[in-house]
Amino acid sequence: MVARRFAVSHNDSTFDVDYDTDDGFEVLKYQLFSLTCVPPDQQKILGRDDQIVSDESDFASISDKLRLVSIDGVEEEIAAEVKEKSDKLAMSDEELARILQAEEEALMMQHFVASDNKEQVEQRIRPRVNQVQMYEDPHRQEMARKTVPVDKLEEKALISLGREGNYKPTKVEQDNAFLLQLLFWFKQSFRWVNAPPCDSCGNETKSQGMGVANSSETLYGASRIELYCCNSCSNITRFPRYNDPLKLLETRKGRCGEWANCFTLYCRAFGYDSRLILDFTDHVWTECFSPSLGRWMHLDPCEGIYDNPLLYEKGWKKSLNYVFAIAKDGVHDVTKCYTRKWPEVLSRRNITSEPALAAVLSDITRELRKKLSAEVISALEERDRIEMDAIERGLYSKDDASVSLPGRLSGDKEWRIARSEFVSDEKNSLSSSSCPVRRCIDDHVTKIYSAFSPVLSKLIEYSPSKKAAAEILEIFRNILVDLKNSPFRTRRTSVNSVSSSSGDIFNKTFASFSQLLDALSLKSELGVNGSIDIYLASDPVKTSVALPVVFHALDYVIYNIGQCARLDSRSLSWPLLKLNRLCSGLVLASGEELPFGIATCAFDGTRMSKWEEPNGAAGCWIIYQVAGNRMVELVAYELMSANDAPERDPKDWGVGTGRSGERVRGKGEGKKEGLKRELVDLAGHKRVLEGSENGGSSWHLLDKRTSQMFDKRFQRKTFTVSSPGYLANAFRFRFLAVRDKNATSRFQIGSIDLCAGSS
């Protein structure tokens, strides 16, 4: 670690920035963003002689005087992005020359070992061409659509966009989000088969070789029949390998061939331009054309992973040779999309020569397009040309080292080990060590927490006991359950007279729930016969986003009512009453799990998500910048344990705020001494909470905790800041120890809530 102080000039101002070289380049850019409002992706940082400063620079030795240039205009921004990517990913001339030389040598070797015989490769591709044509059958498509909970997936798609702050998505955005939800749903609804259970007693079986297909099996294209003997009753179970996706809609099981076959039918059934991807090293998956990306997108239904074509080479460690994309209107060699080791791959392509292979694919494509109009063929050829140009450009770029890809997840452990596709479970995830700055879309969380205050005040006034108060909240919860179970676009329910012993109290206190209904984007009004109608007040997606938050908050309140000594205002001064919970801030983290364990998951108010740092057991951090750069005093914070793996829980941490000037309240201390003390604290392997009054240019220790233990899952712990009295616009958690670092490399936290003092 080297502590540096940079004088960064921007426009007519100069900013002093304290920087720890261990924090990474993204942290420096984030600090400058806080000070100058220039977003990280629009920053160009220049050092001595206007040399560009990047994450490749030696920050221990560069000049202490830097200049920040803001990129204005779309053309300049695109140029900057191109330059940044070329700096990081482009190969040097020397590297490129070595690769081209290796490619030439591999082609020369192929000339000697490969023949011009086209039959072998054509025999493997032709059956898949026939299979793909089945996806165009209207009957199969209709049967596929009938098995999908379309409304649920549409709601989940819109929720995923809403959680990013996009409540008015375009059709292209909605279609892309629905496709991803279709992928995740399929992953959960289809079953992987290693050895099928006995169809007589349900116990485990073992392989007994192959059988002969009967007429009912050949009807759906099952030419291979695997036989399995029960370990208990000796019954023989048949496992037909069906090729007709219509049958797979019924069986919903298989291995990668069945998974990709059925999922590609689903994609076509919902109108996505799709193709089946055949890997000659024994795997199959799907691609769909993405209008939003302007290219084909990789989708692996077995793994539930999308848009990561290097998954197989980098994650699974596969030695690829041939990868073909098979669509209703053409077959293409897309091997180069899935490798950054083309010369090595080329050396393994010895089934036939490259010219002979190109001729086979061209002939098949011509056959598939012979009935299409000249206009359609021209459009397809133009798209093919654009795709091939993009593939060639990407082939010689470097791999993004910040992204970690998992080994194979599907199939049992022994099978994956035998195929050399196994990675230990602790390391087996899709993650990134270079996280973008993300905005928290969580103002609804703060509104919901605040809305419990009038409810609890009325419960104290009218409830004769803790039991009665809990019953009233349960009544309200059941109302919301009914609402949740109704169609999300037209949610509505009616509350008739409540017959329980707490009914009168509920009627008296119902008006106090109005703020909570408003936080859920709901309205209530008196209906006929004295019923109360509750219905949508605005965008239904806002209600869908907020409902999980209020369910989890209600569970927490009901639990705490049962735990408190007596029902009064003093006992009910829980941390949940976060009238000043911070929201809508910006977040940056040392690393994150993709796509469901990103940093903003720690602030979304639900138990269904968590921030997960794959390498965080050895130490990690997360920075929160207050919305609008407001200066606030942090008085308390709350952490919640995640859903599983207690060994990943935080044990030692601290919270801090940066400062470059004087203390706001209380006894002051010298700036130099304060920074020195902070560095000593950080070196002591304890968790620290830091804050910053200058957006992160320097940090001050606010709170430190050691040897903390979460006794159960979803447990909330509240901490009062031990060093209050500082106004700050940014806060940093340093987590330096997990509960059992010997059992895991990971860190996780279910939620983080920051509470400011009264303004």
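Let's begin with a group of side chains: Trp185, Phe186, Phe190, Trp192, Trp259, Phe263, Tyr266 and Trp415 come together as one aromatic cluster. Bear in mind as you look around that this is a predicted model.

Now step back to the whole chain. The protein chain is built with 21 helices and 34 strands, and 51% of its 759 residues count as buried. Among the contacts in the chain with a separation of 6 or more, 71% are made by residues 24 or more positions apart. The chain exposes about 34,600 Å², and carbon and sulfur atoms supply 50% of that area.

Back to the rings. A pair of aromatic rings is described by the distance of the centres and the angle of the planes. The structure holds 33 aromatic pairs. Take Phe280 and Tyr322: their ring centres are 5.6 Å apart and their planes meet at 55°, so this pair is tilted, since stacked would need under 30 degrees and edge-to-face over 60. The pair links distant parts of the chain, 42 residues apart. Phe280 lies in the loop between strand S10 (274–279) and strand S11 (283–290), while Tyr322 lies in the loop between helix H11 (311–315) and strand S14 (323–327). Both Phe280 and Tyr322 are buried.

For another arrangement, find Trp285 and Tyr312. This aromatic pair is stacked, with 4.1 Å from centre to centre and 25° between the planes. Here too, distant parts of the chain are linked: Trp285 belongs to strand S11 and Tyr312 to helix H11, 27 residues apart. Trp285 is buried, and Tyr312 is buried as well.

Arg607 lies over the face of Phe714, 5.1 Å from the ring centre. In another spot, the charged end of Arg716 sits over the ring of Tyr556, at 4.8 Å from its centre.

Let's finish with a helix. In H5, which spans residues 138–146, Arg140, Gln141 and Ala144 are buried. Why do these three share one side of H5? They cover an arc of only 100° around the axis, which puts them on the same side of the helix. An α-helix has 3.6 residues a turn, so residues three or four places apart point the same way. The buried residues of H5 pack against helix H9 (245–251) and helix H10 (256–269). On the face turned away from the buried side, H5 carries the exposed residues Pro138 and Lys146.

Notes:
Residues are numbered from 1 along each chain as its sequence is written. This is a predicted model: local features need pLDDT of at least 70, side-chain atom pairs count only at pLDDT 80 or more; totals for chains, interfaces and linings use all residues. Side-chain values use heavy atoms; hydrogens and water are left out. Rings of Phe, Tyr and Trp (its six-membered ring) pair if their centres lie within 6.5 Å; planes under 30 degrees apart count as stacked, over 60 as edge-to-face and the rest as tilted. Helices (H or I, at least four residues) and strands (E, at least two) are DSSP runs, numbered from the N terminus. Buried means under 20% relative accessible area, exposed over 50%, partly exposed in between (1.4 Å probe, protein chains only). A charge sits over a ring if NZ of Lys or CZ of Arg is within 6 Å of the ring centre and within 35 degrees of the ring normal. Contact means heavy atoms within 4.5 Å. Accessible areas come from the Shrake-Rupley method with a 1.4 Å probe; for residues, only the protein chains shown count as cover. The arc is that of the directions from the helix axis to the C-beta atoms.
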